[in-house]
Amino acid sequence: MFTKLKKKLAEEAAIAPRPGGAARIPRSISKESITSVGADSGDDFASDGSSSRDDLPSQISRRNDQIRRLEAKLSDYTEQVRNLQRMKEKLELALEKHQDSSMRKLQEQNEMYQASRAKMAEECALSIEKKDQEWLVKLSNLEEEKKKLSEQLEDMKQKSLSLFQKREDLDELEVFQQQEMAKIKHMLLKKEQLLSKAEKDLEVKQREAETSQAELQDSQRLSDKLQEDLQQLQEENSKLAEQRAALVASQEGAEKKITELEQRLQELQDFIQRLSLDLQKAQSAASSSEKRLNEIQDEYETLKLQHEQLKSKMAVEGQEKGALIIRLQEKVRSLEKTLEGTFSGEEGLQQLLKEKAALEVRLDETRQQLSETRTLHAETRTQMESQTSKLNNRLQEMQDLLQQKDTELNQFKDESSLKIGNLEQTLQTIREQLQAREEELKQREEQITTCQSELKSERDKLTHQLHSVRQQHADKVERLEAQVSALESAREIDRTSAQHNISQLEQENASLQERNKDLETALKKLEADQEKMKEELSSRETVSVEIAKALEETRRQKEDLQQQVADLMSAITQNTQEMSLKKEELARKDEEAALLKGDYDAVVLKMQQLQSDLETYKTRAAQSEESAEKHVRDVTEQLQEQREALLASESQVSSLQDEVSTLHERLHGTHEHNGEVAAGDIALLQKENREMEQQIAEKNKTIKQLQQRMAELKKTLQKELRLKPDPEEKLNPADPPAPSLTVTNNADLNDSREINFEYLKHVVLKFMSAREAEAFHLIKAVSVLLNFSVEEENLLKETLEYKMSWFGSKPAPKGTVRPSISKPRMPWT
Amino acid sequence: MYQLNLSDILLFSAAIGFNVETVTYKNLKFQVWDLGGQTSIRPYWRCYYSNTDAVIYVVDSCDRDRIGISKSELVAMLEEEELKKAILVVFANKQDMEQAMTPTEVANSLGLPALKDRKWQIFKTSATKGTGLDEAMEWLVESLKSRQ
């Protein structure tokens with residue numbers, strides 16, 4: 001692809017300078033083909049002086065040939081010159097004829113002109129007469145018009161009289177108007193008085209409004225106060241609410257207390273129940289103890305009974321024993337009596353004393369028995385008595401206990417009843433207090449509600465009052481405003497009516513004035529008409545003057561035409577002079593051609609030298625295969641130079657040819673003066689010229705052959721070295737590649753393109769990925785691979801420098817860099 | 001054939017293209033451009049000539065056929081104006097091969113003795129074994145330092 005690009009570029013570069021030369025060479029060749037047929041001998045050593053001695057004979061022979069050819073050419077030229085002379089004569093004849101004809105034409109034209117002029121004069125005279133007649137008619141018409149106008153004038157005078165009358169009327173009207181104006185003014189004054197009254201009323205009403213506003217303000221103050229009261233009441237309310245909240249809290253506390261007291265009551269009742277239970281138990285114990293007492297009393301009674309029984313027994317026994325004692329004592333007395341009675345008798349007394357002792361023993365015994373029983377009885381009796389006493393003691397104790405417990409119970413009952421009573425009393429008091437507080441609360445709530453209701457009512461009342469007051473005020477204000485507006489409207493109506501009157505009067509005035517103006521304008525119009533008529537008269541007179549002027553102008557034109565004819569004659573003479581001058585110039589150009597011929601010789605020499613150089617290069621190229629590429633490079637460079645030289649020489653040649661051709665053309669003119677000698681020289685020169693051109697063509701051919709050979713050599717070299725493309729082609733994209741070379745290398749280019757593409761890819765990859773310092777080195781490679789222009793490369797460098805440095809601004813692409821991006825390029829594949 | 005502008009590396013890549021590496025050797029910082037030696041790439045060598053202090057020219061000592069091309073390439077390269085002051089180091093590579101030319105042979109076939117106005121030295125190296133590189137780098141560092 002690069003190669004293609006390069007090729008394209010190279011071709012463009014190669015083509016660019018050539019078109020001139022390419023166009024010129026064929027021309028020279030064609031001329032050569034025409035003229036070089038008869039070119040033959042001619043000895044010309046002068047131009048050969050500087051060439052080498054060895055080639056002299058050959059050159060001499062060549063020169064002879066050249067000279068022959070040139071001579072032949074010269075003869076041709078002489079023939080041509082003769083032909084041209086004949087032509088010239090013919091042309092001169094034609095010119096004379098033309099001049100004659102033109103002279104004739106001029107005379108004819110002159111005659112024609114004079115005829116036309118006479119005709120014109122006649123026509124003019126006729127037209128003037130006609131116009132005079134017309135003007136006479138017109139004048140008569142105008143006179144008639146004048147008469148009419150005079151009549152009109154009279155009418156106008158009459159009209160002006162009437163106008164004066166109208167003016168008088170107008171004055172009267174104005175007087176009337178003034179009177180009316182005075183009346184209107186009077187009315188206006190009245191209205192103003194009315195207005196002032198209305199304004200006074202207004203002021204009064206405004207004062208009223210102010211007073212009402214003051215009242216309003218008072219009422220607003222009142223309302224403010226009321227609002228303040230309201231606020232206070234609300235504050236009180238809030239305080240009451242707070243108190244209520246406190247009372248509710250205390251109620252709650254009291255209720256809590258009550259509940260606590262009730263709980264205590266319950267506890268106390270429970271205690272009492274327990275106590276009663278204890279009492280019952282104690283009573284039961286008492287009853288049981290009474291029962292026991294009864295039992296003990298029963299036992300005691302039984303014991304008493306036993307005791308009494310024992311006593312009675314004892315008593316019985318005592319009585320018995322007493323009785324016994326008594327009987328025994330009687331028996332003892334009987335026995336003692338008997339013993340006394342038997343004393344005398346001693347047996348009978350001893351028996352009796354024996355019996356008495358037995359009886360006494362027996363009595364002791366009984367007595368003992370008795371004492372024993374008595375002690376026993378006493379003992380039992382004491383025991384019983386102790387028992388009874390014990391029982392009695394116990395009874396007494398029990399009774400004491402009972403009594404104590406009874407007392408205790410009574411005391412406890414009393415205490416508990418007292419406590420209960422107290423508690424109940426406290427409860428009742430608390431309840432009462434609660435009720436009282438609730439009542440108080442209710443009262444306060446009622447108070448609050450009443451207060452709120454009162455407040456609301458008051459507020460409502462106040463708001464009502466306010467609203468009413470406001471409404472009243474608003475009504476008042478509205479009324480006042482309405483009154484004011486009514487008054488104002490009345491005033492305005494009055495004003496408008498007054499204005500209307502005034503405007504009407506003014507309109508009347510204006511209409512009157514307009515009438516006046518109309519009349520004046522009519523007068524002016526009439527006067528203007530008069531003036532216009534006068535102007536028309538004057539303009540018609542001027543028209544007649546202009547016609548006379550036009551006549552004079554036609555005369556002047558005639559004179560101008562005569563002058564033009566004279567000018568044309570002088571121009572013809574000038575042309576003939578110019579022709580002679582140009583002939584002289586031709587002679588000078590011949591001399592220049594001689595000089596140029598010398599230059600051309602030098603160029604030819606150069607060409608020969610270059611040819612020799614080429615030959616030496618050729619031999620060198622054949623010599624060494626290794627150094628062939630280098631040689632090729634040099635040779636191509638030299639070739640380039642040669643080509644450039646060739647181009648230059650060709651251009652010179654072409655310029656020379658141009659000059660020669662120009663000279664050739666002018667030769668026809670100069671033939672008379674220079675004669676056949678100069679023509680011969682020119683022919684010689686032209687021959688040499690053509691020969692040199694031929695030589696150049698030959699050299700070109702040899703150069704091409706050399707290039708082809710070089711290409712072949714390269715090819716063979718590459719084949720030997722297994723080289724694929726020719727790298728130098730890429731390196732020197734500016735050098736125009738030899739056409740044959742590019743043709744032969746086409747097959748290899750595809751490969752190299754691929755490699756180049758891969759290489760390009762790699763380089764671009766590296767360029768993008770490398771550090772800036774490295775990338776900076778790669779710029780050149782990238783720009784070579786992508787065929788960047790110098791500006792594009794510089795842009796790249798600047799951008800990289802910008803990236804590497806801390807400061808500076810981003811460089812903008814300038815010149816041809818940007819357009820080159822959009823320039824169509826060869827596609828990559 | 002490989003050419004290195006400055007190198008101690010022997011990571012010679014056969015890839016189409018080149019490698020850039022910055023290597024510090026004996027307090028000298030080398031920016032090494034490993035340019036490929038392929039025929040198609042050779043034309044692009046000249047893109048990298050600017051600001052070059054030294055050229056390391058690596059030659060295949062075994063390739064007797066192409067040593068001539070190597071010579072012509074080297075001569076063409078050394079003619080460049082931008083490399084006028086560059087030191088030349090030639091690596092006679094592949095010395096581990098049996099048929100390898102000796103460094104003197106290589107130097108002669110490259111026409112090194114004919115070089116005037118240029119500091120040059122040849123070293124035998126083996127890229128696969130990594131021998132001969134240190135001496136070469138030593139010499140290069142010394143000659144660069146002495147030039148400064």
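Trainee: Is Glu793(A) buried or exposed?
Mentor: The model is a predicted one, in which local features need pLDDT of at least 70 and side-chain atom pairs count only at pLDDT 80 or more, while totals for chains, interfaces and linings use all residues. Residues are numbered from 1 along each chain as its sequence is written, chains are lettered from A and ligands numbered from 1 in the order in which they are written, and side-chain values use heavy atoms, with hydrogens and water left out. A residue is buried under 20% relative accessible area, exposed over 50% and partly exposed in between, using a 1.4 Å probe and protein chains only. Since the relative accessible area of Glu793(A) is 18%, this residue is buried.

Trainee: How many residues apart are Glu262(A) and Arg431(A)?
Mentor: These two form a salt bridge, with the closest N and O atoms 3.2 Å apart. Glu262(A) counts as partly exposed at 31% relative accessibility, and Arg431(A) counts as partly exposed at 39%. Glu262(A) lies in helix H3 and Arg431(A) in helix H4 (residues 346-623) of chain A, so the pair links distant parts of the chain, and the separation is 169 residues.

Trainee: Which residue has its backbone oxygen 3.1 Å from a polar atom of the side chain of Lys73(A)?
Mentor: Lys73(A) is found in helix H3 (residues 56-341) of chain A. At 2% relative accessibility, Lys73(A) counts as buried. The backbone oxygen at 3.1 Å belongs to Gln686(A).

Trainee: What percentage of the residues of chain A count as buried?
Mentor: Chain A has eleven helices and zero strands, and exposes about 56800 Å², of which carbon and sulfur atoms supply 52% (Shrake-Rupley method with a 1.4 Å probe; for residues, only the protein chains shown count as cover). Of its 829 residues, the share that counts as buried is 26%.

Trainee: Which residue of chain A meets Glu82(B) in a salt bridge?
Mentor: In chain A, 22 residues are in contact (heavy atoms within 4.5 Å) with 21 residues of chain B. Across this interface the rule finds one salt bridge. Its N to O distance is 3.7 Å, and the partner of Glu82(B) is Lys780(A).

Trainee: Which helix gives the largest share of the side of chain A that touches chain B?
Mentor: Helices H5 (628-721), H6 (727-731), H8 (746-769) and H9 (772-785) of chain A each supply at least two residues of that side. The largest share, eight residues, comes from H9(A).

Trainee: How large is the area buried between chain A and chain B?
Mentor: Buried area is the accessible area (1.4 Å probe) that two parts lose on being put together, summed over both. Carbon and sulfur atoms give 65% of this area, which comes to about 2300 Å².

Methods
Helix = DSSP H or I, 4+ residues; strand = E, 2+ residues; numbered from the N terminus. Salt bridge = Lys/Arg side-chain N within 4 Å of Asp/Glu carboxyl O. Polar contact = N/O pair within 3.5 Å; in protein donor to acceptor, adjacent residues only side chain to side chain.
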